[in-house]
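Have the model open beside you as you read.

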Amino acid sequence: MSKNRGNVLVLAAAVASLLLLLLAPSTLTGLVAVAAVGLTAYLRASMPVRALSLALLSLGCTLGLARGAGGEVLFIGLVAVLVSLITIPNVPGWIKGLLGAAILLISIPIAGFANSFLFELGIQIGIYAAMALGLNVVVGMAGLLDLGYAAFFAIGAYTWAIFGSPQANQFTAGGFPLNGNFFYLFMVLAVITTAITGLLIGLPALRLRGDYLAIVTLGLGEVVRVLANNLDHPVNLTNGPQGITPVERPPIDWFRSLMGSIGIHLDAKTDYQLFFYLLVLVVIGIVIMVNVNLGNSRFGRAWVAIREDETAAKAMGIPMLGTKLLAFATGAAFSGAMGVIFAAQRTFVSPESFTLLASITILGMVVLGGMGSIPGVILGAAALTILNIDILKSFSEYLNSLRQSGATVLGFNLANLPNQFEPAKYERLVFGVVLILMMIFRPEGLIPERRHKLEAEEAKEGS
């Protein structure tokens with residue numbers, strides 16, 4: 001297809017989607033907008049036309065969300081625009097920054113005010129994206145397979161949950177919960193605590209490699225969960241399987257005043273949601289900055305050398321244990337900080353949130369997006385979080401409504417479907433199928449790191 005023809009199709013699709021979203025915002029028109037984003041990303045068109053198309057589609061999705069129509073689909077449309085900004089080549093940095101900031105700081109908050117569930121979805125994407133970026137240091141950069149990563153998430157969450165709730169009165173002289181202002185101090189303490197824990201766990205574990213390391217980290221991750229589940233006797237530290245609630249949140253009167261000064265008046269339903277959403281964005285920004293700087297440092301080059309060939313790296317004089325421990329501690333620190341945010345945002349912590357499945361899910365985000373690739377890992381986190389929290393559950397609710405109404409599809413009465421058939425219950429099955437398909441058709445990930453991409457291309461040429 002010629003570039004001129006591509007320009008016409010891309011621009012026509014964007015304008016048509018914008019008009020549809022203005023006139024009749026709905027789930028269907030949202031799907032049209034998502035398809036238009038796909039055309040913009042994959043059709044051959046000039047960069048200015050693509051940038052204009054993405055801006056128009058972002059505007060259309062934002063206006064549709066502001067009217068409370070097609071919420072989840074239009075939210076996915078905004079995520080698709082962000083992905084396109086990353087993947088489309090030769091887009092100027094100022095366009096990426098301007099349009100990306102507009103989506104993150106204007107469009108998604110507008111969507112959250114219209115549908116509070118979208119705030120929750122954005123916060124969960126951010127939490128898992130930050131943790132996946134931490135695991136990306138361990139797995140993607142250093143090549144160390146860690147199946148117990150959720151343990152550090154649990155340590156961070158319980159660090160604040162115990163002392164930010166009345167739970168600490170069970171084993172102290174009283175005076176708890178701590179004031180919510182200590183939340184920020186405990187974020188720093190969680191970073192330090194989990195980094196030290198990562199060092200202590202890594203000292204024996206990192207002398208192993210490959211499958212042996214994976215098994216040991218899996219066991220250590222389960223040890224932390226089991227401890228959280230059973231440390232309710234003889235001294236009640238974690239309240240066992242019942243969990244800890246209520247966990248204090250930081251006071252945000254200053255945040256309400258700040259928002260009010262710029263004309264945004266918050267209510268009790270949206271104040272903390274907007275606060276935690278923006279806090280997660282700040283933390284992700286810090287995590288990305290640390291990742292980029294570490295990747296370009298001598299430590300990052302040492303991690304890549306270990307990942308590619310540990311024996312050769314050792315022969316070149318790279319200290320194995322110290323370099324691996326630094327990767328382990330760095331990844332653990334990111335997870336611990338997000339654990340504190342998770343505990344405060346949910347106001348409830350229990351061992352059920354830190355199972356082996358949580359560790360595997362975070363690892364799947366890294367593999368799906370592309371090991372070693374920062375934008376790829378963020379995309380993987382967004383894709384799996386939306387799949388787990390939104391798409392599968394929404395599809396289950398839709399099937400239940402059809403089943404109850406007795407609707408017929410292709411001559412089959414949906415009322416005859418068994419009650420056990422709910423896509424939300426098959427989260428692990430869908431997750432496994434997605435990973436299998438990725439390994440078959442795109443093993444380097446959705447947005448592969450440059451080195452992995454070159455290796456995949458060489459492998460294809462060699463075959």
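Before anything else, a word on what counts as a helix here: helices are DSSP runs of H or I with at least four residues, numbered from the N terminus. Keep in mind, too, that this is a predicted model.

With that in hand, go to helix H9, which covers residues 211-230. Arg 225 and Glu 222 sit three residues apart in this helix, so about one helical turn separates them. The two form a salt bridge, and their closest N and O atoms are 3.0 Å apart. How accessible are the partners? Arg 225 is partly exposed, with a relative accessible area of 22%, and Glu 222 also counts as partly exposed, at 22%.

Now for a pair in another setting. The side chains of Glu 310 and Lys 324 meet in a salt bridge, at 2.9 Å from N to O. This pair links distant parts of the chain: Glu 310 belongs to helix H13 (residues 310-315) and Lys 324 to helix H14 (residues 320-346), with the two 14 residues apart.

A search of the whole structure turns up seven salt bridges.

Let's head inside. The largest nonpolar core has 122 residues, and those with the most contacts inside it are Ile 127, Phe 183, Phe 276, Met 338 and Ile 341. Which helix gives the most to this core? That would be helix H6 (residues 116-141), which supplies 17 residues. A second, separate core has five residues, among them Ile 306, Ala 313, Ile 318 and Met 320.

Setting aside its neighbours within four places in sequence, Phe 183 is in contact with Trp 160, Pro 250, Phe 276, Leu 279, Val 340, Ile 341 and Ala 344.

Back in helix H14, look for Ser 335. Ser 335 is buried, with a relative accessible area of 0%. Which residues does Ser 335 contact, leaving aside neighbours within four places in sequence? They are Met 131, Tyr 149, Phe 152 and Phe 153.

Phe 182 is partly exposed, at 38% relative accessible area. Together with Leu 185, Val 188, Leu 189, Val 191, Ile 192, Ile 196, Leu 200 and Leu 203, Phe 182 makes a nonpolar surface patch of about 740 Å².

One last stop takes us back towards the start of the chain. Ser 26 lies in the loop between helix H1 (3-23) and helix H2 (27-42). Ser 26 is partly exposed, with a relative accessible area of 26%. Ser 26 and Gly 71 are 45 residues apart in sequence, yet their C-alpha atoms are 8.2 Å apart in space.

Terms used
Residues are numbered from 1 along each chain as its sequence is written. This is a predicted model: local features need pLDDT of at least 70, side-chain atom pairs count only at pLDDT 80 or more; totals for chains, interfaces and linings use all residues. Side-chain values use heavy atoms; hydrogens and water are left out. Patches are made of residues with over 30% relative accessible area and no salt bridge: like charges are joined within 9 Å, nonpolar side chains (Val, Leu, Ile, Met, Phe, Trp, Tyr) within 5 Å. Accessible areas come from the Shrake-Rupley method with a 1.4 Å probe; for residues, only the protein chains shown count as cover. A salt bridge is a side-chain nitrogen of Lys or Arg within 4 Å of a carboxyl oxygen of Asp or Glu. Buried means under 20% relative accessible area, exposed over 50%, partly exposed in between (1.4 Å probe, protein chains only). A nonpolar core is a set of buried Ala, Val, Leu, Ile, Met, Phe, Trp, Tyr and Cys residues joined through side-chain atoms within 4.5 Å. Contact means heavy atoms within 4.5 Å.
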